[in-house]
Structures are given as structure tokens and as C-alpha cells.
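Colleague: I am new to this structure. Please take me closely through one part, the protein surface that faces the DNA, and then through the helices behind that surface.

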2 protein chains.
Amino acid sequence: MHYTRDNMAGLLRSHDINPTHQRIEIAHALFSRQEHLSADQVMAIVNTRHSETSKATVYNTLKLFLEKGLVREVIVDPSKVFFDPNTSPHHHLYEVDSGKLSDIDAEHVVISGLPPLPAGMVTEGIDLIVRVRRTS
Amino acid sequence: MHYTRDNMAGLLRSHDINPTHQRIEIAHALFSRQEHLSADQVMAIVNTRHSETSKATVYNTLKLFLEKGLVREVIVDPSKVFFDPNTSPHHHLYEVDSGKLSDIDAEHVVISGLPPLPAGMVTEGIDLIVRVRRTS
DNA sequence: CCGGATATTAGACAAAGTCCAGATCGGCGA
DNA sequence: TCGCCGATCTGGACTTTGTCTAATATCCGG
């Protein structure tokens, strides 16, 4: 599957999102790279040639994608949020010094022994983050 | 064990931290409550009566406590970091709507099947966060 | 009591993110 | 094609969390 801009339009529509220019560009930035990007990085990518998309739109759009389940939010660094185009269940490996963030497939990872949830609560998600550092 | 200010001085010393007024107050705020507090909350608590401790000192001190292993940092909310006086191995339950954060004892939780780390890397910590929401 | 090292401070600054009022776009009916 | 209207986008002011710095205060050994 190639992440062309045309395919992005379809992807957006299938998630009930009106495919505008800016939204297609932002989706394309995320999906063609298949990487974890911060809002800042998205903005930089989208505006490489000439300024095309405002900060407000980048933030609005990422929030919209989040609500519509198109991307996932990864909170590992207190200073910025990363957006993850991979929404299938998986965990994360975070290299503390370099800030590099990569996926850990959830397929073989088993988490057991969690206590029952408090009454009236549903799990929204389980985030597992392995923080690693280069041996110095 | 009571978390009196006098005991705080001992605790700080045992962690190789010079026990000053401000540090004792900040440690007392965290340990007497046994709760997850943000820097803002710590500052509010410490300065309830009359302004006693500056913002810079609160941040410096929390960072110092962190380095010395007296507290732990919990990153669950993109907008602020929480500090956790409980340094024994445990996980977290985060109520998304209320922002309430509580501990999950790690004793019975087993995480298995994690892939091997990349060469030259050591694990600094594994954070497991269960995000829950009230059934609406 | 002195001097140097250690802590604290106010306030300027930086970065991420939010908010708003006005401008613009784009699809649709006439 | 034209004009309208809701949806979208925008610049820029603003907020919040956190950092930095240079000056001051405190502590301690001699």
C-alpha cells in the first residue's frame, strides 16, 4: 500500500473526516513516514517548501485525527507529545538520551496479574513504555 | 513511620542531600501525603501560609530528589509531570477525565515476552500505565 | 569573624499548546 | 455561472510549564 495523497483522501473519508488540503498533507506526513512525530515536526514537514499550514490548523487537525482514531498519542517526554500513525496494539521503546521512539509489537507481550478495575471504570488503553539508555 | 519534618531531615541525609529548610518542606509535602503531586501543587502546598519557597527552588529541588532516587517521575499527562514519593516498583492507574493517578502494586503483575533490547542499551525503567475512564 | 562553597531568589525567557475573531474555501441550489 | 452558508483555516495574542541567570543569602570550617 502506497501512501499517496490520493489514498490519504480515502483514508480520511473512511474515518469520517472531511479531506481538505491541509488534512491530506498532515496525514501524508505521518503515514508516508510511518514514524512518531511531534506537532512541531509535522508543522516543519508540511511547511518545507513555503508556509502552507498554520500552527492552529496543525494542532486542530492532530486532535481531530486523535478523536477519530486515525492516530494515537504517545506520552513519553514531558516536553512534547508524539503522534503515532500505527493504531494497532503495540508498545513503545524510548531511548532516553536520543529521544528516539520505536514500536514494540504487542503480539508476543503478555501482561498478567493486573488487579480488577475500580467499579464503573473501563480501560481506555494500556501504555507500556520501556525506557532505555546507552551503556556509558 | 511518621513523616515529621525531623524525619525528613534524616531521609534527605540518607540520600546524600543537604537538608535545608526548603528541601525539608518539599519532602514533607510529598511524603506526608504519599500522593502524586505536580511541581505546581508542591509549590502551592509549600507556600500556603506565606510565600516561603521560590519556583526555581521547587523545580531545582524536585530535580535533585529525582537524581538522588528519592522520588520518581510519572509522565501521564502531556501538560505536567507528577512526582511520586513511592519509589518501590509499581505501576499506575490514570483516570483520564478526573486526572486522578493511583498506584498499582507491581508484586503480582508479570510482563513477559518483551523482545531483547538493542545492543548497547540498558533498561532504565518500565512504565506501565492503565488509562481508564468512567463508563458514561 | 572571614571566605568560599552551596542554596535560594526574582524575574526574564523559552517552548508547547490553546483560543478567538475574522478571512477563506468549497460545494450546492438556482 | 453566481451567490450563499457552513465548515475550515489563519495570525497572533495568550497561557502554562518549565528553564536560566545573575545577584543575594546562608552555612560551615578554620
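Modeller: Start with the elements near DNA strand C. Chain A gives α3 (39-46), α4 (55-67) and β3 (80-84). Chain B gives α2 (21-33) and α4 (55-67). Each of these elements supplies at least two residues of the surface near DNA strand C. Keep in mind that this is a predicted model.

Now the residues themselves. There are 19 residues around DNA strand C. Those that come nearest are Asp40(A), Lys55(A), Thr20(B), Glu52(B) and Thr57(B). By class, the surface near DNA strand C holds five nonpolar, eight polar and six charged residues.

Which parts of the strand does the protein meet? Consider the atoms of DNA strand C within 4 Å of the protein. Sugar or phosphate accounts for 76% of them, and bases for the rest.

Lys55(A) reaches a base: a polar atom of its side chain lies 2.8 Å from a base oxygen of DNA strand C. Val81(A) uses its backbone, where an N or O atom sits 3.3 Å from a phosphate oxygen of DNA strand C.

Turn to the other strand. DNA strand D is surrounded by 18 residues. The closest are Thr20(A), Glu52(A), Thr57(A), Asp40(B) and Lys55(B). Of the atoms of DNA strand D that come within 4 Å of the protein, 74% belong to sugar and phosphate. The surface near DNA strand D divides into five nonpolar, seven polar and six charged residues.

Here too, single contacts can be named. Thr20(A) places a polar side-chain atom 2.5 Å from a phosphate oxygen of DNA strand D. Lys55(B) goes to a base: an N or O atom in its side chain is 2.8 Å from a base oxygen of DNA strand D. The elements giving two or more residues to this surface are α2 and α4 of chain A, with α3 (39-46), α4 and β3 (80-84) of chain B.

Next, the helices. How do α2(A) and α4(A) pack? Their axes are 10 Å apart, at an angle of about 70°. The two helices are therefore roughly perpendicular to each other. The crossing of α2(A) past α4(A) is right-handed. On the α2(A) side, the contact is made by Gln22(A), Arg23(A), Ile26(A), Ala27(A) and Leu30(A). On the α4(A) side are Thr57(A), Val58(A), Thr61(A), Leu62(A), Leu64(A) and Phe65(A). Seven residues of this contact are nonpolar, three are polar and one is charged.

In chain B, look at α2(B) and α3(B). Their axes come within 9 Å and cross at roughly 105°. These helices are therefore roughly perpendicular to each other. From α2(B), Glu25(B), Ile26(B), Ala29(B) and Arg33(B) take part. They meet Val42(B), Ile45(B) and Val46(B) of α3(B). This contact has five nonpolar residues, two charged and no polar ones.

Last, the setting in chain A. Chain A has four helices and seven strands. Along the sequence they follow the pattern α-α-β-α-α-β-β-β-β-β-β. The C-alpha trace of chain A spans about 50 × 45 × 30 Å along its principal axes.

Note on methods. Residues numbered from 1 in each chain as written. Chains lettered and ligands numbered in written order. Predicted model: local features only at pLDDT ≥ 70, side-chain atom pairs only at ≥ 80, totals over all residues. Heavy atoms only, no water. Near = heavy atom within 4 Å. Polar contact = N/O pair within 3.5 Å; in protein donor to acceptor, adjacent residues only side chain to side chain. Nonpolar A, V, L, I, M, F, W, Y, C, P; charged D, E, K, R; others polar. Axes fitted to C-alpha atoms, helices over the stretch in contact; angles between N-to-C directions. Parallel < 35°, antiparallel > 145°, perpendicular 65-115°, else oblique. Left-handed = near helix turned anticlockwise from the far one by under 90°. Contact = heavy atoms within 4.5 Å.
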